Amino acid sequence: MEPFSIDFKGRLGYSIPALAYGTQLCEMDPKCCIPGIDYLHFYNELECPKVLMNVTNFGHCAILNDLGWSSCRAINFCQTNPAVDRDFYREFVAGVMSALFGTYLQGNDQMLVYLTKPDLIPVLLGAFEVDVNCH
C-alpha cells in the first residue's frame with residue numbers, strides 16, 4: 001500500500017534503503033493515495049539508496065485475494081482493473097520485495113538488477129527512478 005504521512009515534511013537526515021512504490025490506478029477516482037503525501041513525496045524526501053516505481057494498469061486492490069479485490073470493487077474503495085492478471089501481479093510484487101531485501105538485508109548485490117534495470121522488470125512502469133550510487 002502507499003506510504004502516507006502528513007507529518008513527513010522534510011528529509012530524514014539518514015539513509016535507509018527504500019522502494020517508493022505506487023500504482024497508476026491509485027491516483028484515479030476513487031483515489032487510494034493523496035497527491036503530495038504519497039509515494040512520490042516519500043521518494044523525494046528519502047536519501048540514497050532509493051528506487052521509485054509506479055506500475056501501470058494496476059491498483060492497490062490487485063494484490064488482494066479474490067474476496068478482498070471483489071470487496072474493493074463492490075464498495076468502490078479503490079480503482080480496480082478486471083483485465084489484469086492479479087496472480088502475476090502478486091508474484092511481481094513478491095519478486096520486487098525479494099530483490100530489495102536480498103540486496104540490502106542479505107548483501108546479495110546481484111539482485112539489485114531486478115530493481116534497477118527496466119528490461120528485467122516484467123510490468124509496464126509509468127514512473128521509474130533509481131538512486132543507488134550513494135558515494
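This is a predicted model: local features need pLDDT of at least 70, side-chain atom pairs count only at pLDDT 80 or more; totals for chains, interfaces and linings use all residues.
Residues are numbered from 1 along each chain as its sequence is written, and side-chain values use heavy atoms, with hydrogens and water left out.

The protein contains four helices and three strands, where helices (H or I, at least four residues) and strands (E, at least two) are taken as DSSP runs and numbered from the N terminus. Along the sequence these elements follow the order β-α-β-α-α-α-β. The radius of gyration is 15 Å, close to the 14 Å given by the globule rule for 135 residues, so the protein is as compact as a globular protein of that length; the radius is taken over C-alpha atoms, and the rule is 2.2 Å times the number of residues to the power 0.38. The C-alpha trace spans about 50 × 35 × 20 Å along its principal axes.

Of the 135 residues, 41% count as buried, the classes being buried at under 20% relative accessible area, exposed at over 50% and partly exposed in between, with a 1.4 Å probe and protein chains only. The accessible surface of the protein amounts to about 7,800 Å², and 56% of this area belongs to carbon and sulfur atoms; the areas come from the Shrake-Rupley method with a 1.4 Å probe, and for residues only the protein chains shown count as cover. The protein carries 8 positive and 15 negative charges, whose mean positions are 3 Å apart. In this count Lys and Arg are positive and Asp and Glu negative, while His and the chain ends are not counted, and each charge is placed at NZ of Lys, CZ of Arg, CG of Asp or CD of Glu.

Rings of Phe, Tyr and Trp (the last by its six-membered ring) are paired if their centres lie within 6.5 Å, and the planes are called stacked under 30 degrees, edge-to-face over 60 and tilted for the rest; by this rule the count comes to three aromatic pairs. The rings of Y21 and F92 have centres 6.4 Å apart and planes at 40°, so this pair is tilted. Because Y21 belongs to strand β1 (residues 18–23) and F92 to helix α3 (residues 86–104), the pair ties together parts that are 71 residues apart in sequence. Both Y21 and F92 are buried. Y89 and F92 make up a further tilted aromatic pair, with 6.5 Å from centre to centre and 35° between the planes; these two residues both lie in helix α3, three residues apart, or about one turn of the helix. The relative accessible area is 2% for Y89, which is buried, and 7% for F92, which is likewise buried. Y21, F58, Y89 and F92 together form one aromatic cluster.

Strand β1 also includes A18, which is buried with a relative accessible area of 14%. When neighbours within four places in sequence are left aside, A18 is in contact with L46, P49, K50, V51 and L100. V113, in helix α4 (residues 113–116), counts as partly exposed at 29% relative accessibility, and its C-alpha atom is separated by 10 Å from that of V96, 17 residues apart along the chain.

Most residues other than glycine have a negative phi, and most peptide bonds are trans. In this model, the peptide bond from D29 to P30 is cis, with omega near -5°, and P30 is placed in the loop between β1 and α1 (39–45). The peptide bond from C48 to P49 is also cis, with omega near 5°, and P49 lies in the loop between α1 and β2 (50–55). N57, which is not a glycine, has a positive phi of about 75°; N57 is found in the loop between β2 and α2 (66–75) and is partly exposed, with a relative accessible area of 34%. A positive phi of about 60° is likewise found for N76, again not a glycine, in the loop between α2 and α3.

Terms used
Contact means heavy atoms within 4.5 Å.
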